[in-house]
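User: I would like to learn how to read the features of a protein model. Could we go through one together, step by step?

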Amino acid sequence: MTCIEEKVVNWRHHLHKNPEFGFEEKMTSDFVASKLEEFGVEVHRNIGNTGLVGVLKCGSSDRSIALRADMDALKIAELNEFDHASQIEGMMHACGHDGHTAMLLGAAHELATSQDFDGTVYFVFQPGEEHGVGAKAMIADGLFDHFKIDAIYAMHNLPGVPEGHFVTNPGSVMASESSFQIDILATGGHAAMPHMGTDPIVVGAQIILALQTITSRNLSSIHEPAVISVTEFTTNGTTNVIPSSVTIKGDTRCFTDEALVKIETAIERVASGQCTSAGVDYKYHFNNSFLSTINTPKETAIAVRVAKSIAGEANVEGDAPPFTISEDFSFMQRKVPSCYILVGNGKEGEKGGTALHKPYYDFNDNILMTGVRFWTELVKDQLSATK
């Protein structure tokens with residue numbers, strides 16, 4: 001194990017032992033800032049609460065590139081028993097953000113040491129990714145106003161894919177995530193005399209069935225694939241009482257901003273139509289937590305080229321089908337050209353193959369240097385002194 005590899009592994013284990021929830025990453029932010037300053041990287045703190053940006057300039061070029069890593073953990077009790085298991089009860093790095101942070105720190109160390117580029121590298125360490133608030137907070141605090149960022153890249157580990165293999169595509173690589181709530185307001189009544197009032201349960205059942213026609217009849221199955229799932233149906237009724245209210249909650253995923261607008265509008269149209277027909281009132285709330293993660297073709301081609309130089313052409317899939325999971329890096333993507341790429345954490349049943357957000361998950365240390373090399377080679381490729 002090389003000196004830098006040993007450092008990156010130690011950093012990752014330290015972060016895994018000390019997980020922090022979104023916007024509470026004070027210790028993590030302090031740790032990252034101290035390492036960046038140790039490398040000679042200029043540090044800007046408190047961007048998006050606990051977020052920070054490291055700035056490394058070399059040469060005279062005004063070109064720039066930003067590399068982003070997420071820092072927050074999840075409120076999941078870890079069941080692993082290895083030495084670097086979480087020391088914080090009820091919380092763990094179950095998504096690998098400890099590894100993402102360590103890889104970007106490793107890249108900062110290597111680039112600060114070599115100075116083998118011409119331009120500016122921005123190391124963006126983001127809080128609060130898991131609940132879709134961190135990227136928006138950093139943007140609101142001027143991430144793209146205070147720093148001249150030409151393009152931004154992000155990387156995430158992916159269990160189930162062989163370690164060190166890369167996956168991405170030049171369009172939508174991940175789905176948006178939105179939640180909705182429909183409150184149906186009726187009179188209710190006695191279960192023996194339903195004709196004396198209005199019944200929100202029947203209306204709710206009709207709404208649930210009608211919602212499925214949105215994906216099958218309002219969206220293109222080829223160009224606008226989407227999922228609308230009703231996940232909760234609650235009432236204030238009881239055995240012999242027809243309720244006066246029903247609440248329907250659900251989740252929806254899609255891959256374009258245009259489809260997202262259609263879905264938001266169509267859900268209310270369905271609710272309004274069914275409620276008007278039955279003579280009951282309704283309230284509707286739609287909340288978008290994550291936009292779809294949409295890569296720009298030029299930046300994706302660059303990332304794929306660099307990945308192939310690291311892992312070999314056979315180990316990079318540059319036109320992979322999109323995933324229905326979500327990422328708040330999507331909000332940064334609406335500001336500048338970008339690419340989000342995934343790196344295999346290990347096949348199922350092998351080291352690193354445990355799924356994300358599971359209590360036995362652990363980031364695969366074997367891919368730490370793969371990530372470090374990807375970041376450093378990406379910077380050299382885009383900020384080459386000969387360009």
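Predicted model: local features only at pLDDT ≥ 70, side-chain atom pairs only at ≥ 80, totals over all residues.

User: How many nonpolar, polar and charged residues does the lining of the largest pocket have?

Analyst: Rolling a probe the size of a water molecule over the atoms shows where empty space is left. Here, the largest pocket holds about 440 Å³ of space. Its lining has eleven nonpolar, six polar and five charged residues. Of the 22 lining residues, C95, E130, I325, L356 and H357 lie nearest the centre of the pocket. Strand β5 gives the largest share of this lining, four residues.

User: Which residues line the second largest pocket?

Analyst: They are R63, S64, I65, D150, A151, Y153, K298, E299, I302, P337, Q382 and L383. The volume of this second largest pocket is about 160 Å³. Helix α8 supplies the largest share of its lining, three residues, and by class the lining has six nonpolar, two polar and four charged residues.

User: Is I302 buried or exposed?

Analyst: A residue counts as buried when its relative accessible area is under 20%. I302 has a relative accessible area of 5%, and therefore it is buried. This residue lies in helix α8, which spans residues 297-311. Leaving aside residues up to four places away in sequence, I302 touches Y153, L378, D381 and Q382. The C-alpha atoms of I302 and C339 are separated by 8.8 Å, although the two residues are 37 residues apart along the chain.

User: What is the order of the strands in the open sheet?

Analyst: Strands of a sheet pair through backbone hydrogen bonds, either parallel or antiparallel. In this model, eight strands form an open sheet in the order β1-β2-β4-β3-β5-β16-β6-β15, and the pairing is mixed. At the edges stand β1 (42-44) and β15 (316-317), each with a single partner strand, so one side of each has no neighbour in the sheet. Strand β2 (residues 52-58) pairs with β4 (residues 119-126) in the antiparallel sense over seven bridges; the bridge partner of V53 in β4 is V124.

User: Which strands does helix α2 touch?

Analyst: Helix α2 (residues 26-39) packs on the sheet and touches β1, β2 and β4, with its direction at about 10° to that of β2. Helix α10 (residues 368-382) also packs on the sheet, and its direction makes about 160° with that of β3.

Conventions. Residues numbered from 1 in each chain as written. Heavy atoms only, no water. Pairing = 2+ DSSP bridges. Helix = DSSP H or I, 4+ residues; strand = E, 2+ residues; numbered from the N terminus. Contact = heavy atoms within 4.5 Å. Axes fitted to C-alpha atoms, helices over the stretch in contact; angles between N-to-C directions. Buried < 20%, exposed > 50% of the residue type's maximum accessible area, 1.4 Å probe, protein only. 1 Å grid on protein atoms, 1.4 Å probe; cavity = no way out; pocket = protein on both sides within 12 Å on 5 of 7 lines; lining within 4 Å. Points joined across faces, edges and corners; volume = space filled by probe spheres on them. Nonpolar A, V, L, I, M, F, W, Y, C, P; charged D, E, K, R; others polar.
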